[in-house]
Amino acid sequence: MTEPENKKAGLDRLKQAMVDDILNASDEEILAQFTEDFGSPEANAARMRARFEGAVLLVNKDRLRAARAGAAERGLFEPVPAIPIAEARERLREVMAAHANDTTFTLAARKESELTDADVMELLAAINELGLLKRD
């Protein structure tokens, strides 16, 4: 065996010993080590959940934009007429209340108060496309 192969075998044994050490540790030991290295596991979990929700929101917005662009190219829907933003928010709240138990609504749709005016108008247009918006 040559010298580099000996070093690689030694590193492989060390790597395996470290993996075994982690796999044999209890949950309490893992949490204690995490707390020592990074702080509160609960705070870290909250940050990770917030980042995940933000990423899901961005992906959903991208999907909505792509779907709207595709539908617009094919002329599949009629645009929602311009309405005052207060009325648009009220309509969005009404639709969300009517479908409060519908699990197909996204997190973004459930947090209307946190949406920008542009987001409200996009969601209202998407809801209109789905046929969920009642016409006056």
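Predicted model: local features only at pLDDT ≥ 70, side-chain atom pairs only at ≥ 80, totals over all residues.

Visitor: Why is aspartate 119 called buried?

Guide: Buried means under 20% relative accessible area. Aspartate 119 has a relative accessibility of 10%, so the residue counts as buried. Its place is in helix 6, residues 117-129.

Visitor: What makes the pair of lysine 61 and aspartate 119 a salt bridge?

Guide: The cut-off is a side-chain nitrogen of Lys or Arg within 4 Å of a carboxyl oxygen of Asp or Glu. In the pair of lysine 61 and aspartate 119, the closest N and O atoms are 3.1 Å apart, and the pair is a salt bridge. In general, side chains of opposite charge can pair when their charged atoms come close.

Visitor: Which contact between the side chains of aspartate 119 and lysine 61 is called polar?

Guide: For a polar contact, the N or O atoms must be within 3.5 Å. The side chains of aspartate 119 and lysine 61 are joined by a polar contact of 3.1 Å.

Visitor: How do you know that the salt bridge of lysine 61 links distant parts of the chain, and is lysine 61 buried or partly exposed?

Guide: Lysine 61 forms its salt bridge with aspartate 119.

Visitor: What makes arginine 65 and glutamate 122 a salt bridge?

Guide: The limit is within 4 Å. The closest N and O atoms of arginine 65 and glutamate 122 are 3.9 Å apart, and the two residues form a salt bridge. This pair also links distant parts of the chain, with arginine 65 in helix 3 and glutamate 122 in helix 6, 57 residues apart. Arginine 65 has a relative accessible area of 41% and is therefore partly exposed, whereas glutamate 122 has 16% and is therefore buried. Salt bridges with shared partners join Asp62, Arg65 and Glu122 into one network.

Visitor: How many salt bridges are counted, and how far apart are the closest N and O atoms of aspartate 12 and lysine 8?

Guide: The count comes to seven salt bridges. One of them joins aspartate 12 to lysine 8, with the closest N and O atoms 3.1 Å apart. These two residues are four apart in helix 1, which means that about one helical turn separates them. In general, an α-helix has 3.6 residues a turn, so residues three or four places apart point the same way. Aspartate 12 has a relative accessible area of 33% and is therefore partly exposed.

Visitor: How do you know that the buried residues of helix 4 line one face?

Guide: In helix 4, the buried residues are Ala88, Arg89, Arg91, Leu92, Val95 and Met96. Seen down the helix axis, the buried residues of helix 4 fall within an arc of 160°, and therefore they line one face. Ala86, Ala97 and Ala98 are exposed on the other side of helix 4.

Visitor: What span is expected of helix 4, residues 85-98?

Guide: At 1.5 Å a residue, 20 Å is expected for the 14 residues of helix 4, and the helix reaches 20 Å from its first C-alpha to its last. Helix 6, with 13 residues, reaches 18 Å, close to the expected 18 Å.

Visitor: Why is isoleucine 127 called buried?

Guide: The limit is under 20%. Isoleucine 127 has a relative accessible area of 6%, so the residue is buried. Isoleucine 127 lies in helix 6, where the buried residues also include Val120, Leu123 and Leu124. Isoleucine 127 and valine 95 are 32 residues apart in sequence, and their C-alpha atoms are 8.3 Å apart in space.

Visitor: Which residues form a nonpolar patch on the surface?

Guide: Leu11, Leu14 and Met18 form the patch, with about 330 Å² of accessible area together. A patch residue needs over 30% relative accessible area. Leucine 14, at 48% relative accessibility, therefore counts as partly exposed, and its place is in helix 1, residues 3-24.

How values were computed. Residues numbered from 1 in each chain as written. Heavy atoms only, no water. Patch = residues over 30% accessible without salt bridge, like charges linked within 9 Å, V, L, I, M, F, W, Y side chains within 5 Å. Areas by Shrake-Rupley, 256 points an atom, 1.4 Å probe, with all protein chains shown as cover. Buried < 20%, exposed > 50% of the residue type's maximum accessible area, 1.4 Å probe, protein only. Polar contact = N/O pair within 3.5 Å; in protein donor to acceptor, adjacent residues only side chain to side chain. Expected span 1.5 Å × (residues − 1). Arc of directions from axis to C-beta.
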